[in-house]
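Good morning. I will go through one structure today, and I will keep to a few local features.

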Amino acid sequence: MGEETVDRSEGFGERLLGLLLDRAPHLPPQLIAPLIAEEVAGIGGRDVSILLQDYAQELLVPLPGRKLHVSQPQPVIDSSAGRAFLRGEVVEVPLARGGVRMYLPLLDGSDTVGVMVLTLDDVGGDDRRLLRRLAGLVADLLVTKNAYTDQFFLARRREPMSVSAEIQWGLLPPLTMIVPQVAVAGMLEPAYRVAGDSFDYALNDNILHMAVIDAMGHGLDAAVMATVAIGAYRHARRVFVSLAEKYTYMDDAISRQFGPDHFVTAQLMHLNIATGELELVNAGHPAPLLIRDGKVARQLESATTLPVGFGGEEPRIREHTLQQGDRVLCYTDGIIEEHVTGGEQFGEERLIHCVNRLGEKPSEGMRADLRRLSHTLKSERGGHTSDDATLFMIEWRGGAADHLAVLD
């Protein structure tokens with residue numbers, strides 16, 4: 001920086017963020033990245049990169065743009081950028097030539113959309129506060145502008161994507177939600193060819209609503225059926241019907257639209273995040289696994305219910321009570337029915353073994369643990385994913401009253 005003095009005072013930081021807020025809404029998407037680089041330069045930062053997660057959730061890939069430093073993609077596992085991304089924490093790496101390389105998670109609520117990377121000559125407390133706020137604003141801008149452009153999608157896509165996969169990715173909610181009382185995370189494979197699998201959730205007051213589905217068949221037909229099923233589920237959820245009635249809404253929509261020879265398997269749940277009480281309807285899915293202290297404690301059984309679309313009777317709801325720290329792992333049959341070397345199916349026993357083995361290691365948080373499980377399962381299956389394979393995990397953290405007391 002020579003003899004120049006960079007003003008990084010609290011007042012300057014507020015003015016910088018205010019200027020960015022004032023300018024950003026009127027800029028086209030392709031000028032957002034140069035604006036970010038320009039504002040970072042105003043506080044003495046350089047070599048700015050914006051890294052976005054690829055659809056396979058294996059790499060953090062650089063967003064191209066004028067004034068941005070475009071580096072090589074960084075692995076999500078075992079990299080400074082990956083640590084910031086998975087843990088949602090700032091990572092600082094001193095450079096041999098002087099200065100500090102900063103890796104700041106771009107948090108949209110609790111979902112990490114990427115990492116902002118930059119270099120400063122030195123870092124103080126005011127810098128860290130300002131950069132965390134700047135990273136939050138950048139995340140909001142990326143999410144907002146994403147609706148106006150294909151630029152961010154093209155950066156994240158690492159191989160050709162099928163039409164069915166395009167539909168499914170557009171249908172999904174954020175892959176991660178973390179609040180003090182509960183956390184959820186989901187993954188879909190194969191990322192660029194997924195068709196009939198999907199999941200959805202919403203936190204309404206103290207009730208977490210969740211659904212995991214698997215539409216029969218492959219390709220575009222399965223994607224269309226999954227879209228109708230999720231649409232019916234969301235409609236039912238938003239008119240405040242019971243868990244059993246949600247099943248009925250979905251069953252009616254699928255049978256009317258596709259006829260009696262088509263169906264969708266589904267798991268529907270309500271979790272009271274204040275008490276840990278879980279209601280479950282299982283319509284043709286493998287039973288979810290209850291994970292306690294890092295080990296599979298048991299399967300969460302439920303009464304037999306026909307898949308959605310067969311016109312089954314109103315389902316009976318099975319109730320379970322979670323303990324604080326419990327995790328529930330939902331998965332579709334593509335996980336356990338994949339064939340491994342020798343032609344046999346992967347099976348539930350291998351799945352449980354993988355969960356237990358990973359549970360022996362320290363937890364790195366929901367997002368990181370689920371990604372590690374997904375990649376381990378794929379490796380155990382010889383890297384094959386011939387059918388859609390979905391993992392969806394819930395962690396009940398409890399203590400809602402304590403966390404909400406600050407709002408009283």
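I will cover backbone geometry, then a helix pair, then a cavity. Please keep in mind that this is a predicted model.

I start with the backbone. Between Glu189 and Pro190 there is a cis peptide bond, with omega at about -15°. Pro190 sits in the loop that runs between strand S8, residues 182–189, and strand S9, residues 197–204.

Next, positive phi values. Lys67 is not a glycine, yet its phi is positive, about 75°. This residue belongs to the loop between strand S2 (59–62) and strand S3 (74–75). Is Lys67 buried or partly exposed? Its relative accessible area is 47%, so Lys67 counts as partly exposed.

Asp293 also has a positive phi, near 55°, and is likewise a residue other than glycine. You will find Asp293 in the loop between strand S13, residues 289–292, and strand S14, residues 295–299. The relative accessibility of Asp293 is 73%, and the cut-off for exposed is over 50%, so Asp293 is exposed.

Now the helix pair. Two packed helices are described by the angle between their axes and by the distance between those axes. Here helix H7 covers residues 219–238 and helix H8 covers residues 243–258. Their packing angle is about 145°, and the axes are 8 Å apart. The crossing of H7 and H8 is right-handed.

Which residues of H7 and H8 make the contact? From H7 they are Val224, Met225, Val228, Ala229, Ala232, Tyr233, His235, Ala236 and Arg237. From H8 they are Lys246, Tyr249, Met250, Ala253, Ile254 and Phe258. Sorted by class, the residues of this contact are 12 nonpolar, one polar and two charged.

Last, the cavities. How many cavities of 30 Å³ or more does the structure hold? There are two.

By class, the lining of the second largest cavity comprises five nonpolar, two polar and two charged residues.

One residue links two parts of this talk.

Notes: Residues numbered from 1 in each chain as written. Predicted model: local features only at pLDDT ≥ 70, side-chain atom pairs only at ≥ 80, totals over all residues. Heavy atoms only, no water. Helix = DSSP H or I, 4+ residues; strand = E, 2+ residues; numbered from the N terminus. Buried < 20%, exposed > 50% of the residue type's maximum accessible area, 1.4 Å probe, protein only. Axes fitted to C-alpha atoms, helices over the stretch in contact; angles between N-to-C directions. Left-handed = near helix turned anticlockwise from the far one by under 90°. Contact = heavy atoms within 4.5 Å. Nonpolar A, V, L, I, M, F, W, Y, C, P; charged D, E, K, R; others polar. 1 Å grid on protein atoms, 1.4 Å probe; cavity = no way out; pocket = protein on both sides within 12 Å on 5 of 7 lines; lining within 4 Å. Points joined across faces, edges and corners; volume = space filled by probe spheres on them.
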